[in-house]
Amino acid sequence: MPLGLWLLTRDSYSKKYFCKNNRTYNGKQSLQLIRRVNMYIWQTVKLFLSSTFRDLELERDRLAEIFSCIKAKLAERQLFFSPYDLRWRSRHGNADLVKWCLEMVCQCQYFVGVLSYRYGWRPPQDAQNKDNVDGLAITEMEILHALEKIDKDRRFFLFADLDQYDQQI
């Protein structure tokens, strides 16, 4: 039995199970325990941030500032906000990077894609360690995976202002 279900269905003090009619075998209401347990249960909101690196470092930094404000606001509502940014994985190296990114997209409820003028890094292999014959950038792989796995009302795309870049682009 999952731990959360155990907490909601078992009286950890008297070790008595609750019946389906919301009562223990000795007849006490289980609702009080459920309220006590719910005080300590937080939900997690996961967001995956996808973008190319070299051209969008400032935008990623700004989003990190915004995320810390969001994190504080959601904590007031017992929600833990966990944004995933590829920069934070860099300490693990490039081994299985594509696989890690696509797994993280699947684990997140929200997806934010930040797009600009660069196409991005094209890894030699895809998530299955097969040759990347289509030459897809990791950013495009993340976006395609998000389009497949995340509800459309939970996917957001930001487009950088191209006027801030050199006119030679």
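Helices (H or I, at least four residues) and strands (E, at least two residues) are taken here as DSSP runs and are numbered from the N terminus. By that reading the chain holds five helices and six strands, and along the sequence they follow the pattern α-β-β-α-β-α-β-α-β-α-β. What is on screen is a predicted model, in which local features need pLDDT of at least 70 and side-chain atom pairs count only at pLDDT 80 or more, while totals for chains, interfaces and linings use all residues. Residues are numbered from 1 along each chain as its sequence is written, and side-chain values use heavy atoms, with hydrogens and water left out.

**The whole chain**

Of its 169 residues, 33% count as buried, where buried means under 20% relative accessible area, exposed means over 50% and partly exposed lies in between (1.4 Å probe, protein chains only). With contact meaning heavy atoms within 4.5 Å, residues 24 or more positions apart account for 64% of the contacts in the chain with a separation of 6 or more.

**The four-stranded sheet**

Next, select the strands β3, β4, β5 and β6, which form an open sheet in the order β4-β3-β5-β6 with parallel pairing; two strands pair if DSSP finds at least two bridges between them. The edge strands, each pairing on one side only, are β4 (79-85) and β6 (155-159). Neighbouring strands of this sheet are turned against each other by 20° on average, direction ignored; axes are lines fitted to C-alpha atoms, for helices over the stretch in contact, and angles run from 0 to 180 degrees between N-to-C directions.

**β3 and its two partners**

Now select residues 43-51, which make up β3, together with residues 110-115, which make up β5: these strands pair in the parallel sense over five bridges. To see one of the pairings, pick S50, whose bridge partner in β5 is G113. Helix α4 (residues 97-107) packs on the sheet and touches β3, β4 and β5, and its direction makes about 140° with that of β3.

Turning to the other partner, β3 and β4 run parallel and are joined by seven bridges.

R60 counts as buried, at 2% relative accessibility, and its C-alpha atom is separated by 8.5 Å from that of V114, 54 residues apart along the chain.

**α4 against α5**

Then select α4 with helix α5 (residues 138-149), whose axes come within 9 Å and cross at roughly 30°. The two helices are therefore roughly parallel to each other, given that angles under 35 degrees count as roughly parallel, over 145 as roughly antiparallel, 65 to 115 as roughly perpendicular and the rest as oblique. Where do the two helices meet? L97, V98, C101, L102, V105 and C106 in α4 meet I138, M141, E142, H145, A146 and K149 in α5.

**A last stop in a loop**

Finally, select Q128, in the loop between β5 and α5. Q128 counts as exposed at 55% relative accessibility; Q128 and K99 are 29 residues apart in sequence and 7.3 Å apart in space, C-alpha to C-alpha.
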